[in-house]
Amino acid sequence: MTDAANPEVLLFASTTQSFLEKEASLSRLRELHAAGIAFDPDWWRRAAELGWTSLLVPEELGGGSVSGDGVKDLAMVAELAGNTVAPGPLHPVSTVLAGLVEAPENHENTIESLVTGDVIASWAVYEPGRSWAPMNPGVTATSTDTGYRLDGVKDRVEAGADSGVLLVVANCEGAVQQFLVPTDAAGVRVEAQRSVDLVKSYARVHFEGVEIDASAVVGRPGQTADLISRQSQIAQILQCAEVVGILDAVLTFTIQWGFDRHSFGRPLGSYQVLKHRYADLKIWFEACRAATNAAVAEVAGRSPDAEMAVSVAKSYVGEYAPRMLQDCIQLHGGIGVTWEHDLHLFLRRVMLDRSMFGTPEDHNLRVYALTADARSA
Amino acid sequence: MTDTTTAPATTESVAEFAARARAWLAENMPRIDPESPPESDRGEEAPWLRARELQKTLYDGGFAGICFPREYGGLGLPIEYQRAFDEESKTYEMPVILNTPTFTICAATILDTGSEEQKKEHISGALRGDEVLVQLLSEPSGGSDLAGVITRADRAGDKWVINGAKTWSTSAFAADYGLMLARTDWDMPKHEGLTMFLVPINSPGITLRRIKQVNGSVEFCEEFFDNLELGDDAVVGEVNEGWHVASRQLYHERRAVGGGSEFASGIGAEGKTDVPIDWVELLSATGQADNERARERAGRAIVHRAVQERLIDHVYHGVLDGSLPPAAGSIIRITHAETHQVGFDTAVALTGDSAVVDGDDDLIRFGERYLSRQTAALGGGTTEIARNIIGERVLGFPREPAADRGVPFKQVKRNKS
């Protein structure tokens, strides 16, 4: 995962890791949940100071990465965050930044405030009652004298209630366009939504005649498909990387349990039927890691095969990770289904990552379509 | 690892070597369409004669045994040269059926454990196209418990006398020599009384029978030994150290199955049934090109195949950089089988009744392939044994108690007859 030859990357990795262990532990997660808080804004500012928010941002816009490969570094942060199911808006902020840095005109200040961690942003792409279809928005943007008027409803907006600004996908007189909309604009109403995760919060956002300036538009109309594609890929590899981090942590303690727990005078892991189950977990874990690493590399290199590689990873990781978590719960026995045990904290996040930004089934369809397209091309 | 790839015997760069190979291949080897390679049924005689002929051409042209040492007829070059040659030779007919087991398992093991004479005779014999080598390991009495073989080699004067039976030997009918594991000391525990012999297949005292598989293939053979006589020169390694030799074979076999052997030359398919399923064509042939359910299932099969390719690469580099132990090669062995199974299951689901009654559209071939679904999970060691290896040698879990450990083999309970 990390480039062992680069001491700066190693330092970045170890600083990130110790920050997460100290400030985003599983017990901290439970405290936040008990207090009904998604994350502490001041904690996020310190995470931003460590460099998490600058990885996708070029130096001229105030960003930079240690290895020179920001996508890879960001995936590493997501994986480490997965080890402790960390809270925080890493995914939505990174996704918005991935789009803005491709079309930064008029948005330099927003980019800067996202990099410092002072402002949180999120991608408003889902709509009520509809599954993953980023290029098919029902929210409308209508031209006015000074800019646009937005009408419609978005939902499943991660950290929507904590965001200062939303990147909204809308149908602008027949063309799909994205707009940067402050959440305190008149006509924006944010309604919290419950998720299966212990801390990640979502929101339904109503846009009722929201007037925005012409400068709120992100990119040219012809550019939108590429921006949405890039944002989707970033969101999806972050999910895969987070799940790899989760699986790494869960497998480590579940394998240890196989050595420590004794039944009928023998360690659990010495029974062939359980040993084979453990072997499968190891196989699927390495396969998840292999698929994720390949996807991260293709996205980092902006390869023409990036979309295929991401959908392959998202399908495979999404299909296997939840059942791997259920297997780990089964291997733990009754303790595995208690609130007290940490397994459910990991399972909750894995479910979220499985289903958001395209289910395995959605990505299987995409993989088939890309294969058929390549054949007829 | 073997010590063959250490000192390059040439100052020619990989690129120069590849350029020379490109020119030579164009002059000397037959061109093929890699999407539709010539059928090489391992159960027929003709493909073996053809492979020997092609191998001879490679040898005469100076492109045989790229990673085998020069003193045994090879070129003594590092794996990068072999990979470059594989790339150049993709569109040419290559003797790919000689790769496994002849080169990747048998010749590699002889190189590790054989005598100087055996290496000189058999490795160069194979590289010249004169010798096909096979493994005589499994027995009718048991497969996964390989060290429990009961074929016996008894001392009679200065000879060894072999009695017993071997099975599942790939293409033994076409072979010249086989590496045969026999029990030479019944008072020792299971692993300690074994010896490996190099047996001429056409010896008196060997009766060979073809095994017909469900798909009609007759590539595998069964051999019966009735007082077969061998000299001391047939022993590979030391007497009663046969398990060490067999372990090298298993090691080389797992690397070969994962596509990680430097001794394989040519990477093409062995025939049309070896080419991966074309899902777009299958959906079009079954009128389901626009059926969302069908597209989703086919997409999932494509995902599994893509992940297998990435996993092969991930495990190869993981073992190389030490982040995974060498035993992790068994991961690929299992996922290889499971990827096949996802493919076969999906094809049966998508072809439906067309796969069971022949409607003149050749879709019945998917039904027929399904009948042999488990082959990939059995051949080259079962997936159960591979899961034991991952559980015990990768994760470190203790072995199950074994009734035959540390016990003289003659006291070990065997099959009820």
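This is a predicted model: local features need pLDDT of at least 70, side-chain atom pairs count only at pLDDT 80 or more; totals for chains, interfaces and linings use all residues.
In chain A, 75% of the contacts with a separation of 6 or more join residues 24 or more positions apart, where two residues are in contact if their C-beta atoms, placed from the backbone, lie within 7 Å. Residues are numbered from 1 along each chain as its sequence is written, and chains are lettered from A and ligands numbered from 1 in the order in which they are written.

Chain A contains 11 helices and 10 strands, counted as DSSP runs numbered from the N terminus, with helices being H or I of at least four residues and strands E of at least two. Its C-alpha trace spans about 80 × 55 × 45 Å along the principal axes.

Turning to the two chains together, 28 residues of chain B are in contact with 30 residues of chain A. On the side of chain B that touches chain A, helix 7 (279-285), helix 8 (292-321), helix 9 (329-351) and helix 12 (383-394) of chain B each supply at least two residues, and helix 8 of chain B gives the most, with 14 residues.

Which residues make the contact between helix 8 of chain A and helix 9 of chain B? The axes of these helices, lines fitted to C-alpha atoms over the stretch in contact, with angles from 0 to 180 degrees between N-to-C directions, come within 10 Å and cross at roughly 90 degrees. The contact is made by Ile283(A), Glu286(A) and Ala287(A) of helix 8 of chain A and by Ile331(B), Ile334(B) and Thr335(B) of helix 9 of chain B.
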